[in-house]
Amino acid sequence: MKGYFKSFISIFLILLLLIPSSALGIKQTSNSEPPEFRNASVHDPSIIKDPKTGTYYVYGSHIDGAKSTDLINWDRFTNGYTTPNNKVYGDLSQNLAESFKWAGENDSDSRGSFAVWAPDVFWNKHYVNEDGTKGAYMIYYSVSSTYIRSAIGIAVSKNIEGPFQYVDTIMYSGFTSNEAYDRNSNVNKHWENTNIADLIKDGVIDEVNPDWFTESGAFNNKLYTNAIDANILQGKNNKLYMTYGSWSGGTFILELDKKTGLPKYPGKDGKTEDGRMIDRYFGTKIASGYGRSAEGTYAVYDKETRYYYLYITYGGLASDGGYQMRQFRSKNPDGPYVDAKGNAAVFPESFDRGVGNFPGNDDHKDIGNKMIGNFLFKRDLGEEGTGIGTGYLSPGHNSYLIDDELDKEFIVTHTRFPQQGEMHEVRVHQTFKNKDQWPVPTPYRYAGETIEKVSEVDVTGDYKYINHGKEITGDVTESTWVKLNEDHTISGAVTGTWELYGNYKAKLTIDNEGTYDGVFIRQYDPTSQKWVMTFSAMSNEGIVVWGSHVEVSSDEKLVQAIKQELMTTFPSTVISNITLPTVATRGAQITWESSNPEAVSNEGVVTRPDPGSEDAEVNLTGTITLGDVTETLTVTVTVKAKEEGGLSAFYDFSEGLKDSSGKKADAAVTGDRLNNIGGNITFTEGKVGQAAQFDGESGLRLADGLITGNTYSVSMWLKPEQITEFTTSFFGAETSNHWISIVPKTGWGNTMVWSHNGDQWYDAVTDTTIPEGQWSHLTLTVQEGHAIFYINGVAKYTGDNFPNVFTSLDAEFGLGVNYWDTPFKGLMDEVRVYDGVAIPATEVQSLYQDPSGLTE
């Protein structure tokens, strides 16, 4: 019987090769040349398909936006906070002045800049324009000055790209029952300074709700929300609604007047049949609350299933914040919304811990279907492609598109990426409904694929496997290995059974977990740069699992591939510990032996020879074992001897961009990012002689390798013309995920030193923000993790465990620019960088008191 079966399979496979792939339901587009992607960076992307042109647009925070004709290639069409010639709002400051009276422009946490966030654009064919015509694109935007003082406004345009003209400010939060002011703010937060006063005057609301305030008169944000993240929902019978709200008291919904786009405020308080709040002003609560992480609400009505689907993001938005998308649904626009397990979207009263936000609290982690969280389809040594693999960090604040023309559905989000810092881009994933009518996202970004019939031969084999779980965490879920066997069993990291049904439907029953239902679909894997079979499925617990197929190679081929990659992995010269891989693809084991353990141990620990000694040459021999196959290789590295610490470079700008110490190359002008070209730096009277003048659009790239260890100092004079958040003065980076930045201001830390080592943030926070239009002296000293940050000769921060960022000889350095943020505008002078020495406090004070006196 076995022999007959093998013969049958052989004949079947031969016939299979002769059958056109189109007959198997595999589209030729999925086997064509690798697609090219053009990416855009838009935070909190809200998608709209222009009904006039078919072009897709995403609008996001910070007045960013991009457009695409295929959801694959995106082009930015906005110009950020530029004013008065803002592409979206025209004269930004004047146009949105009414909203800015409450929040968002040069106020409190947005001091020195703007905070215009998370808009949603909607084509409203019923809107009556000032000229009497009907139809307009309506943008519902947010302005914000603190985590609770915000407002939502409306602007309209007949052109989807704007400019949009202000209409009204419709929702306020953070107001108080008495006169009160936030830090760095002149805004009186009394409720009479919101639109509530007019609503009472017009008889829409009788009076203020005393529950809006705490006993002290502050805003009661455990029950009431932060007025941001508006989303326009078109429901049954073309009714319009606005969902909105962030953290604090949760998410609310208000019906809108179709002709004006203005809310229909309830006017009276009440409760829904299931006991949820209806507030006279804020509307009906539909999700979250009690200060738990939950923001970026997006609701969409599906005519086929007759469900309203609600998407919310949990966690913090930074790369280590664990941002992740959750999902609920309801038969009614105002709820109740529940997840696959039946959990209510509105958090229970047991979560009440009083007023405040609780970023570290994760007691809501089991509520909501977790769509996508941190993940990495890990590329192991010896596998196809390059790099670490494909994955996301903190994907969230998504929108959702049901494209009737394409007959496809998409989830649209921004995401950060493993080992790439805070850089973020838009990603679009196709979704498919499982047997319970829950949309489930596919593993890889959309590349034009269309789901087709597949066979069991197509889907059997080895897969990289991701289980997104339910945790709210900054940790990355790395792929493991599973195999879908021909006998319909699953082996590997999990065990169970699998089934292909309905042409492309997937059913996976995992032992001790349950059953996951979804689809098999061929997608483009950017790591291997090949089209591969994938699966995506959700359990009735609201947990999503993914699989990405990997072709099997023999042990011999894999060992050779591992060896070849290892031969190119190591730097020829090292000054810090080396990572010696011990595990490669499919569990291959690697052991190491050093020819000079005093310089490099068998575990990769590097000990540099003392100053004046010769460099150490070391042979590292690795033995690779996979099954019965064993192979060795030898790589040679040179361990550089230590050098005496001292001044590494001195840019006093007395002779332009020259390094006055004569030790390093001259500085070079950049554009608005460290690695850009262009830009313009001029010179003017400085603290001593001549200073460099930065125009807010340019920076300087200093010589590489100014700092080569964990002991160093940076000293400089700054005279900012304007201070904007996150703008760097001095920046040094080993990679985009390992860096330090001396920052005149952040939203939470005044003037500070900010650093990231790939795993965690470090904030050397002070109690001072240096002033505009005045010279200030800043010095950072680091001695093997002990950091001191001085302002004008006074130690404003002292702390330990400062990240060891500079572990090579070629780290990059800049003044006024980094890889991401608004460039510095103002003057810099007397920039000194010391390598291998943390200058003492007496020398810091000398540099402050006599800027021209000390050169070494």
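The model is predicted: local features need pLDDT of at least 70, side-chain atom pairs count only at pLDDT 80 or more, and totals for chains, interfaces and linings use all residues. Residues are numbered from 1 along each chain as its sequence is written, and side-chain values use heavy atoms, with hydrogens and water left out.

**Stop 1: β31.** Select residues 530–539, strand β31. Strands are DSSP runs (E, at least two residues), numbered from the N terminus. Of its 10 residues, 9 are buried, so β31 is largely enclosed by the rest of the structure. Buried means under 20% relative accessible area, exposed over 50%, partly exposed in between (1.4 Å probe, protein chains only).

Y516 has S539 as its bridge partner. In the turn of this hairpin, Q529 has a positive phi of about 55°.

T534 partners S548. G542 sits in the turn, with a positive phi of about 80°.

**Stop 2: salt bridges.** Each is a side-chain nitrogen of Lys or Arg within 4 Å of a carboxyl oxygen of Asp or Glu. Pick D182 and R149: their closest N and O atoms are 2.7 Å apart. The two residues are 33 apart in the chain, and both are buried. Extend to D107 and K189, which join D182 and R149 in a salt-bridge network.

Terms used:
Helix = DSSP H or I, 4+ residues; strand = E, 2+ residues; numbered from the N terminus. Pairing = 2+ DSSP bridges.
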